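Visitor: Could you take me through a close look at a single part of this model? I would like one connected account, with the cut-offs spelled out.

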Amino acid sequence: MSVIFLAILALAVVALVMAALARDDAYRAADKQNKMFWMIILGITVAVNLLVPMIFLQIAGLVATIVFFVDVRPAIRQVSGGGGRRGGNSSDGPYGPYNGGR
């Protein structure tokens, strides 16, 4: 059971670091709550996981962490220009754009 709690804590810490590294204007551009809101929510989540072993508070923090990873982070990455690729288009191949065999 402690392995699960440790995994929840690690997930919350990673989310907090990612929230801290994102630009403040990216939150506004993605039409999400501001950076300070997410820093407070995720900071409280980390503190609860470290200090207060109450399962319902840890589950509430896990829900907030999942919302950050599933909703907020992808929107911020899209606005910031991140996305795993180094630019280009979805039809680009490993050596440049795919032109359909022409």
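**A helix pair and its surroundings**

Guide: L50 counts as exposed, with a relative accessibility of 55% (exposed is over 50%, buried under 20%, partly exposed in between, with a 1.4 Å probe and protein chains only). This is a predicted model, in which local features need pLDDT of at least 70 and side-chain atom pairs count only at pLDDT 80 or more, while totals for chains, interfaces and linings use all residues. Residues are numbered from 1 along each chain as its sequence is written, and side-chain values use heavy atoms, leaving out hydrogens and water.

L50 belongs to helix α3, residues 35–51 (helices are DSSP runs of H or I, at least four residues, numbered from the N terminus). Its C-alpha atom is 7.5 Å from that of L9, 41 residues away along the chain.

Now to the pair itself: helix α1 (residues 2–21) and helix α4 (residues 55–80) have axes that come within 10 Å and cross at roughly 40 degrees. The α1–α4 crossing is left-handed. On the α1 side, F5, I8, L11, A12, V14, A15, M18 and A19 make the contact, meeting I55, Q58, L62, T65, F68, F69 and R73 of α4 (contact means heavy atoms within 4.5 Å). Those contact residues comprise twelve nonpolar, two polar and one charged.

One of them, T65, sits in helix α4 and is buried, at 1% relative accessible area. Leaving aside residues up to four places away in sequence, T65 touches L11, A12, A15, L42 and T45.

Key:
Axes are lines fitted to C-alpha atoms, for helices over the stretch in contact, and angles run from 0 to 180 degrees between N-to-C directions. Helices (H or I, at least four residues) and strands (E, at least two) are DSSP runs, numbered from the N terminus. A crossing is left-handed if the near helix is turned anticlockwise from the far one by less than a right angle, and right-handed if clockwise. Ala, Val, Leu, Ile, Met, Phe, Trp, Tyr, Cys and Pro count as nonpolar, Asp, Glu, Lys and Arg as charged, and the others, Gly among them, as polar.
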